[in-house]
Amino acid sequence: MQTTFRIIDEDGIHARPATALVNTATKFKGTEAFAEAKGKKVTLKSILGVLSLGLEAGDTLTLITEGSEEAEALNALQEVMVKEGLGEVHE
Amino acid sequence: MNKISGIAASAGIAVARAFILEHPDYTITKTAVTDVDAELAKLNDALDKSRGELQTIKERTLAELGEKKAEIFESHLLILDDPELITPVMDKIREESVNADYALNEVANQFVEMFQNMKSAYLQERAADMRDVTKRVLNHLLGIHYVSPAEISEEVIVIALDLTPSDTAQLNRNFVKGFTTNIGGRTSHSAIMARSLEIPAVVGTKNVMSLVKAGDLVIVDGLSGDVLINPSEAEVAEYTAKQEAYNLQIAEWKKLRDEPTVSADGKHVELAANIGTPNDVTGVIENGGEGVGLYRTEFLYMGRDKLPSEEIQYNAYKTVLENMQGKPVVVRTLDIGGDKELPYLELPKEMNPFLGYRAIRLCLDRQDIFRTQLRALLRASAHGDLRIMFPMIATLGEFRAARDLLLEEKTKLREEGKEVSDSIQLGIMVEIPSTAVLADQFAKEVDFFSIGTNDLIQYTMAADRMNEQVAYLYQPYNPAILRLVKIVIDAAHAEGKWTGMCGEMAGDATAIPLLLGLGLDEFSMSATSILPARSQISKLSAADMKEMAAQALQLGTAEEVAALVQSRVN
């Protein structure tokens, strides 16, 4: 499953929200979670991976989940994106 | 030369002996290891110890500085556990039979380099976090006993090349009176931490480390950005006096933070802050703002390639209202045009942009843009004390047209089942002389006025405030301006309404006595001006100022007005 977001936070994805995303992704043990942006795909369970995407305001980011709890995981991640004011769902 | 300057990163003045904080030598040599498992165990042990330290620092920061400042250490903990870091290090040890410190350093350097090459300044600074975490683990791997700033036990000024976030978190306020570094900027971690610890700091001096020896007497002036090395007795006396004055003032301002704004003779006025983004609210609260007097919504529209959606706007407005916890928030609807451009609107270039198609003029024409903002505002109104004001109103007709659009959207939202507050105050900016002159008529229909002095002055004096050759005509104290302000305030009061001011003039120490005397109800200014203004007002008698303002209105020039205030106040 996947959802694409547009980054709206003027600082892009910085350390605090990246921490929240990684902590959330890590909660779902049996589910793989990835972030894809600018032609690069990284595991969402790595803060260095997420930061390495160098996301800035205006970029699009696709969150991908695969596994037994993929729907719950994607929901939880989407909630972090919106709650942290990071991004909006990009149709 | 004993005086150098850098970037003033945290306010205050400190005088003390220098403590040179030097980081250990992390020269790493590649060695072949025979017992790979022992090397892996060594790595795990170092990671465990580092984790323990970080937990302690995180908890201590949490207790002393709060959640926000502790978050960085949460990120550091995640880096320690990051498979993208740890797996390659372990692989390297296994596959190349090399020492753990070498493997870690090699892999970590790749990440440091990656961050340094990023476009965003923020992400470039994350290289420091990466180094910080790596050094922590290396200390254990290399058996380095690093004398941390936490072990300082006498009053000092810390001198360093740079301070890492964990260095700064360990600074003991009782002993570390200030610090100064070779590198860093106002937004580096060390600077941010210094401000929350309220330790004076000057960063980015470039060479303080090479000029100062341990034990030298040093003065750090975090107000001006100056650092004095082995100052003369006269200099010490001068700065000690400056320090005492500053500390007294801070103590006084702090006491006023949670106090209402009351003049010496008991008249209450409201001091609010001007903000541009939801992030600014923290500063409003910290500086004791009684509300937001001007939320400039333009920033929501800037730096993007299309208009912000209703949802984005709703979230921003709601965040501000919630974080202000029921205190009033005056939101100004879109004020674009003039000197503020939006490339994606492709507005034609104008000969006289300040007299042209801007603000409410544009919004009434481009109703698609305006209605989206009004809907977002109306929906957000359920989350606090929202007040809406329209900018650049020149005629009553414009106000009525804007109000009608608002009422239409309100009805629509209610029909859609959305919650909208019933008590939204609706006002206008008074920045065009025609509106000021006709304020008595406007006052019957609006709930409040907010005087925008920058524009009111430039339109009244017919002087472009961007044009340096006519800058002398920017005269807030000109009796003509004061008379317009008085007309507006009196008109509002006659209808039982209130008047605020959200231009630079509202926070100006010479203007404040006059405005208090003219009966201004709300002063909205930059957050950092609030406490000084509250302190100033607490020493003024509103009755005396009323009499002084009446005199000022009868003077002929701005200079005479300023001289009158000087002679009466202080």
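Which residues is Y295(B) in contact with, leaving aside its neighbours within four places in sequence? Contact here means heavy atoms within 4.5 Å. By that rule, Y295(B) is in contact with I275(B), G276(B), T277(B), P278(B), L300(B), A316(B), Y317(B), V320(B), V330(B), V331(B) and R332(B). Take V331(B) from that list. Y295(B) and V331(B) are 36 residues apart in sequence, yet their C-alpha atoms are 4.7 Å apart in space. Y295(B) sits in strand 11 (residues 292-296) of chain B. Y295(B) is buried, with a relative accessible area of 0%. Buried means under 20% relative accessible area, exposed means over 50%, and partly exposed lies in between (1.4 Å probe, protein chains only).

This is a predicted model, in which local features need pLDDT of at least 70, side-chain atom pairs count only at pLDDT 80 or more, and totals for chains, interfaces and linings use all residues. Residues are numbered from 1 along each chain as its sequence is written, chains are lettered from A and ligands numbered from 1 in the order in which they are written, and side-chain values use heavy atoms, with hydrogens and water left out.

Now step back to whole chains. Chain A has 91 residues, and buried residues make up 55% of them. Its secondary structure comes to three helices and five strands. Helices (H or I, at least four residues) and strands (E, at least two) are DSSP runs, numbered from the N terminus. Read from the N terminus, the elements of chain A run β-α-β-β-α-β-α-β. Chain B has 570 residues, of which 53% count as buried. It holds 23 helices and 17 strands. Consider the contacts with a separation of 6 or more. Residues 24 or more positions apart account for 71% of them in chain A. In chain B the share is 68%.

Next, follow one helix. Helix 4 of chain B covers residues 100-116. The expected span of a helix is 1.5 Å times one less than its number of residues. The 17 residues of helix 4 of chain B should therefore span 24 Å, and its end C-alpha atoms are 24 Å apart, which agrees. The buried residues of this helix are A100(B), D101(B), Y102(B), A103(B), L104(B), V107(B), A108(B), F111(B), V112(B) and F115(B). An α-helix has 3.6 residues a turn, so residues three or four places apart point the same way. What covers the buried residues of helix 4 of chain B? The cover includes helix 1 (36-65), helix 3 (83-96) and helix 5 (121-142) of chain B, together with helix 2 (47-52) of chain A.

Now look for empty space. Rolling a probe the size of a water molecule over the atoms shows where empty space is left. The search uses a 1 Å grid over the protein atoms alone: a cavity is a set of points where a 1.4 Å probe fits but cannot get out, a pocket is an open set with protein on both sides within 12 Å along at least five of seven lines, and lining residues have an atom within 4 Å of a point. Grid points are joined across faces, edges and corners, and a volume is the space filled by probe spheres set on the points.

The count comes to one cavity of 30 Å³ or more. About 60 Å³ of space lies in the largest cavity. Its lining is A15(A), L51(A), I72(B), S75(B), H76(B), I79(B), F115(B), R126(B), D129(B) and M130(B). F115(B) is also one of the buried residues of helix 4 of chain B. Helix 2 (67-80) of chain B gives the most to this lining, with four residues.

The second largest pocket has a volume of about 480 Å³. Of the 23 residues that line it, the closest to its centre are A128(B), R131(B), D162(B), L163(B) and I183(B). The largest share, seven residues, comes from helix 5 of chain B.

K206(B) has a positive phi of about 75 degrees although it is not a glycine. K206(B) is exposed, with a relative accessible area of 69%. M392(B), also not a glycine, has a positive phi near 60 degrees. M392(B) is buried, with a relative accessible area of 0%. K206(B) lies between strand 6 (201-203) and helix 8 (208-211) of chain B, while M392(B) lies between strand 13 (385-390) and helix 15 (396-415) of chain B.
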